[in-house]
Structure formats: structure tokens, C-alpha cells
Amino acid sequence: MAINATGPASADTGADRLHPEGRPVRPSGAARRRTWRQTRRQLTPYLFIAAAVALLLLLTYWPAANLLYFSVTDWDGIDQDLNYVGFENYVQVFTDPRIFEVFYVSLYYFGASFLQIGLALYFATILSFNTRFRNFFRGVLFFPYLINGVAIGFVFLYLFQPDGTLDTVLSWFGLTDPPQWIGDPEIANWSLAGTSVWRYMGMNFVLFLGAIQSIPSDIYEAAELDGANKWQQFWAIILPGIRRIIGLCFVLSIAGSLSVFEIPFIMTGGANGTSTFVIQTIQTAFTHRQVGIASAMAVVLLVIVLVVTFVQRKLFPDEKVDLT
Amino acid sequence: MRPKKALAGVATFAAAAIALSGCTTGGAGDNDPSNTIDGEVEGDLKIITWRTDLVESGKFDEYIAAFEEKYPDVSVEVEGITDYAGEMTTRLSSDNYGDVIGIPAAIQPNQFDQFLEPLGEKAEFEATYRFLNGAAYDGTQYGLAIGGNANGVLYNKRVFEQAGITELPTTPEAFIAALQQVKDNTDAIPMYTNYKDGWPLGQSFGNLGGVTANPDASSEMAKDTAPWTEGKDMYAIDGLLYDAVAAGLTEEDPLTTNWEQSKIDIATGKIGTMTLGSWAISQMQAAAEDNGASADDIGYMAFPSNVDGTQHAVIGGDYNLAVSRHSESKAAAWAWIQWFIEESGFAENEAMISTVKAAPLPENLAGLEENGVQLMEMNAAPSGEEGLLNEVSSDSQVDLFGNIYRQELVDVARGAADGDKESFFADLNARWSESVERVAS
């Protein structure tokens, strides 16, 4: 029995020793090949994810690391020298009232997200039953989510214009003195939040629909045999059955309403009291050339979103759903 | 064994990622000692321009052909960028930003030497060229203005006539009264702010200095703790916008303004006035002719203010052309800049004020001259303080050149946000003075 001096098989000294799989260990040449094959087999999964991991590191974690680095410097976006300023930028973010003021705008979007989830749930439930044209309606409801956000911004900009589409339609119903939908600061944020609901409801809708359809159909059958009507089915089967997805949607909508960006950015540029934290971050970085402070703002937003999510998971833990 | 391997894999890819993102540095421009602006005019030249309209219309190719005829050893290529200011800011972090560029606003004067080739002592250029201050730092010149503009107010002559305005207003009060006449006697919007597009709001800042006929106004403002005080330039400039909006003399819903449409509207008499630099005259005249109106309807007047009866209009440089520090044909790049400014005919074609002092003023400023308006150029900031105004502006987040605080001003003036003129200007003064002190210390 030759002993392979280099490979891992060198530990196997007797021909009668069995490999863990139960087969006798073969002599050296084969053992080496075998080791290679084994290594290769172990490597295979890593090779499969390598490309994805590399892209993730390159495009997500590396920029994020840079962001952390910039947030402790006074960088202006182009200068070749960066000066370390410690936590000065963070101090400024937390002491300048104008920076945190804009978070109240997020409340509009958070408020609107309840409407959004409610509507999505309503449509998902109705279209999970045997409704006529239901595939058509599913498509119609999900469609806005597929449109480019910038395009939506422009479309709604025209819709909300004085004497625009919305005003024309309202005038058919006798409403001849409509407000300025985005010119009036009392209404502007509601108009923008409404646009956001229109855009993102399809996303919630599809999540709910998928969850509802994963509930086994025999449960409905049993409920029907017991004489439960649709309303009772909704309360007793659907709602508890998709509770986790609803919870997820709330987490997403809180994170989303804190970091609203494209719709107000396209439609108002943050003017007229519709500025959000992300718009302000962009302005700080590119209009006021304070990339250091803007990076600190981005880090602060990330931390806030993480904390909010964590608190919510603590308050509403992920219970196992048991429908039986 | 497995977890270790996984870690090793992750580490490898992390290293690869770092290597990938770090491989943008290194260029050949600095190594060749003969590659100076005084060397042989030869090689490949890449011009980066914001004038995409000229690139598309083929006009730029005509300039290139004329240049190549004069310098047959140079081969010129042009690249037009629509979002010039934004995209160039990103590109500056590489070495690859062309040979001839217009200095983006993002580069501060004290950063010129990081990106641009010095062209010589500023004093050497003073006899021949105007508009040197924007591209000079500490006595060194880094660029030459492609041309220049006057600042003031663009108006539609026909609308003014219909409104019964016989004399152009020379005080803010008279201007507001004239706008009121436009509102009362015509269907036109007296003054259009272009609030939604935003950047036109920043145009009025070009009048700094012209109101009080003080050529040092901008360097003084950088140290002034209360620039928004009655009697000073900023008070008059921003105050005019405030008063016009507060009196209901601007568009009804500022959130839905549209720049492209506004060009047609002022050309056809649906808008009375807009505060824009004189560069806009030729665009509005073109819009007038395209839409069945007359180019002669477009008039240009000085900012409504006067010092002892004399009005002053500030003239200043447009983008400054400069040579990239990383250029491989610096002599050719410098030759292009000189040729473009002196011989190409660009300034005349665009109706801009030529950077060459000896050249005549463009025709579209004849109106200013007829009304006895004095053209004035701002003085340079004291050496070493060239970037001070920008620094205070950034630090206080009062974007003098931009639209963010002026949009707030319009909101306050139209009653869409809390406050009044006094409280808003007091707040601006407070923010400004805080930054003046912080930046100075």
C-alpha cells in the first residue's frame, strides 16, 4: 500500500480502512484524482455563486464602504485630497434642524401606504376568487409597477396641471373650481403620495395574490361546506393566512416612505414643501458640493431604516401561521 | 474546512473588486516633457462641449474643418454632453475628460491646478482679453471665456406697447408698476419665473454689482454678514422677484412651468418679461421666427435700477475653455482655444460678447447702449479669495447660482409657505452670516 505523501489521503494507512462512504480506499494515483474530484465537488457551489457575490461586492458593498469613508471626510465630490474630519458631518446632520424637518413629509407617504395596502388587499382578494376577466384585471393592476418611475412622474405632472386631464374630468362632474394639485402646498404632498400609491399598489397586489393562492384550496372547500360566506372566508382564512406578507409590506412601506425619491424629484424637484430626505441628500451632495455631509445623511437614513425595521420586527414578531 | 474556504472565496472576490475599482488611475499626459502648451501643434484632440445643439446641427463640424485646415497636423473630435455640469463632475475623478473642456462649475478656483493646465500669468492676457477673472487663481490664468453675456431682463416689446408702457422702467417700483400695466391691459403673464425648471431663477444673480454699480460687490458679499439688507444688490435682485410674485404678477401655478414652452410664449407675446442673461436673446428670437412672430419683438433691458440716473448692466464670461492637465496634446488644445475665441466667429454667430477686447459688441445689445446703459465687468476677488463666495454659498446652503432658496422665496411670496419678505431675508442673512464667520475662521 503506497502512501501518498502530499494528499489528504496520507492519513489512510491500511487497505482495510474504509472510506466514510463505505468503499475501500484506493491506491495513490486514484486517490489523488479522487481528492481533486472531491475538492472540485466542494468548490462547485462556490463557483456558481462567485459571479453573483463578486457583483454584489463590487456594486453594493464596495460603494457602501466608500460611503462610510466619505462620511468622515470633507470631500466636495471632485477634489483629489480628502481631509479626515471625524464625526463632524454627523454632528451637523443631527444639529441642523433643516435636515430633519423634511421627515414629516414622509408621514404623507406612510399614511398613503395604508390606503395602498388596503386597496391591494381588496383587489387581491377579489381577483383570487373566480371573477370574470380576472387575468385581465390582474394585468391592469400590476402594470403601473412596470412603468419607469420617471415616465410616471411626467405623466402625472400633465395630469395635475391646471386645466389638465384631472381638472377636465372633474369638470364633467360639475367640479369647476379644482385646487392647484401640486401648486397648493396643502395638497401637493397628497397628490404626490397618491401618485406613489398608483405606482406601487401593483407590487403589494402581486405579493398578496401570490400568498392567497398558496393557501390550500381544501381549506376553502371545508369552509364552504361549513356554510361560511366570502366575507367570513376572508377574515378567517385569507387574512390570517397572509399575515406575514402583510407584515412584510408594512416594513417595506415604512422603509419606502422614509426614502421616497423619484416621484417628488421628477414632479416638483423638492420645491413647494415636498422635499424628502433623499432629495435633500442629493442637493447637499451635488448642489451644495458637500459630499461628506451628504454621505453622512445617507448613512443616517440607512441606520434609521434598520432601526425602524428592527423595532417593528420586535413589536410584531413573525408568528408561524397555522390554518388548521 | 468548508466555512474557511467560503471565506477565502469571498476574500478573493473582494480583492478582485478592489483591484477593479482601483484601476482607473494612471495616465500618460504628465510624462512627456515636450508635451506643453508651447510645444508642437499636432496630435489628436478631443473637445468636450455642452453645446450639443451645435454638434447635432453640424455647425461644430464646420468649426473643426476650419481649424484642421489651419493646423493640418491636428485631428479633432468632438463629444457633446447634454448634462454637462453633472457628467463632467463625475468624469473629473478619472483622467479621461478630453483635451479641451469648459471649466465645470464644480471645480473651485483653488482646485484649478488639480485638473487644468496653467496657461500663463493673468497679467499677460489682460491687454487682449475680457472676462479673465472666472478662470484665474492667484495670478495664474487657467482658461479663457468662450464669450460673454450681459445681464438684465428680457421682454416682449409688443406686449409692453399694448400695455401702454412708453418708457422702460429704471427702478424696481417702476418695474412692478409696468408689470401691473401688462396684467391690466393685456392677456400676457407679466413675468414668468420658470420655477419648475428652477435654473432660470438663478439667472438674476448675474446682476450682482449692477444694481449699486459696485464692481467689487461679489467679493464684498463673501464677507458681508447681511447682504439681504435694503440698499444692497441682493435685496434688490431677490426683492424684485418677491414683490412681483407677491403682487400676483407671475404665472398662476409656478409648479407646472415649462422652459421650452416659455421660449415660445415670450416670443409670441403670452409672457411679458423674464429675468435672463443676454445669451437667451438669440434663442427667443429663433423661437419667435419659428412661431410666426417677429424677432424684433424681443427686447432686452438692464435690471430696473439706477445710480444717480445711470443704469448699469454687468457683463460676464460664459463657460471658460481650458486645457486638461492630462491632455496628451496640450499645444494643440491651447491652439484650439485661441483659435476658437479669436478666429472661429463663434461669438458673432451666437451673438455673444467676444472675449477679445477689440471686437465690437453684438447687435442684440444695441438696445442697452441706446438707453445709455453702462456695461461693467466685475473686479477680480483679492488673490487667494477667488473661491470664497462659492464656499460661503455652499456652507450656508444658500445656492446663489441655483434655485433652491429662490423657490422657497417664491413659495413665501405667493403665500404657500410661512413668513414674509422681512422674515425670509432675515433668515437668509442669519444663515449667510453664520457661514461667513465659519468659513473665515
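How many bridges join S10(B) to S11(B), and do these strands run parallel or antiparallel?

Reply: The model is a predicted one. In it, S10(B) and S11(B) are joined by 2 bridges and run parallel. One residue pair can be named here: B:Ile189 has B:Ile271 in S11(B) as its bridge partner.

This pairing belongs to an open sheet of 4 strands in chain B, ordered S10-S11-S9-S12, in which the pairing is mixed. Strand S10 (189–191) and strand S12 (298–301) of chain B are the edge strands, each pairing on one side only. From one strand to the next, the twist averages 20°.

The other pairings of the sheet can be followed across the strand order. S9(B) and S11(B) run antiparallel and are joined by 2 bridges. Within that pairing, B:Tyr155 has B:Thr273 of S11(B) as its bridge partner. Strand S9 (residues 153–156) of chain B also pairs with S12(B), in the antiparallel sense and over 4 bridges. There, B:Val153 stands opposite B:Met301 in S12(B).

Two helices of chain B pack on this sheet. Helix H8 (residues 172–185) of chain B touches S10 and strand S11 (271–274) of chain B. The direction of this helix makes about 170° with that of S10(B). Helix H11 (residues 259–267) of chain B packs on the sheet as well, touching S9, S11 and S12 of chain B. The direction of H11 makes about 120° with that of S11(B).

S4(B) is joined by 2 bridges to strand S6 (residues 140–141) of chain B, and the two run antiparallel. In this pairing, the bridge partner of B:Glu121 in S6(B) is B:Thr140.

At the level of domains, the assignment for chain B gives domain 1 (43–145 + 318–361) and domain 2 (150–311 + 383–440). The C-alpha centres of these two domains of chain B lie 29 Å apart. Their contact takes 11 residues from domain 1 of chain B and 9 residues from domain 2 of chain B. On the side of domain 1 of chain B that touches domain 2 of chain B, the residues comprise 5 nonpolar, 3 polar and 3 charged.

Finally, chain B meets chain A: 29 residues of chain A are in contact with 34 residues of chain B. On the side of chain A that touches chain B, helix H1 (28–70) and helix H13 (277–287) of chain A each supply at least two residues. H1(A) gives the largest share of that side, 8 residues. By class, the side of chain A that touches chain B has 13 nonpolar, 14 polar and 2 charged residues. Chain A is itself divided into domain 1 (8–70) and domain 2 (91–315), and the C-alpha centres of these domains of chain A lie 45 Å apart.

Note on methods. Residues are numbered from 1 along each chain as its sequence is written. Chains are lettered from A and ligands numbered from 1 in the order in which they are written. This is a predicted model: local features need pLDDT of at least 70, side-chain atom pairs count only at pLDDT 80 or more; totals for chains, interfaces and linings use all residues. Two strands pair if DSSP finds at least two bridges between them. Axes are lines fitted to C-alpha atoms, for helices over the stretch in contact, and angles run from 0 to 180 degrees between N-to-C directions. Two residues are in contact if their C-beta atoms, placed from the backbone, lie within 7 Å. Ala, Val, Leu, Ile, Met, Phe, Trp, Tyr, Cys and Pro count as nonpolar, Asp, Glu, Lys and Arg as charged, and the others, Gly among them, as polar. Domain bounds come from an automatic or database domain assignment.
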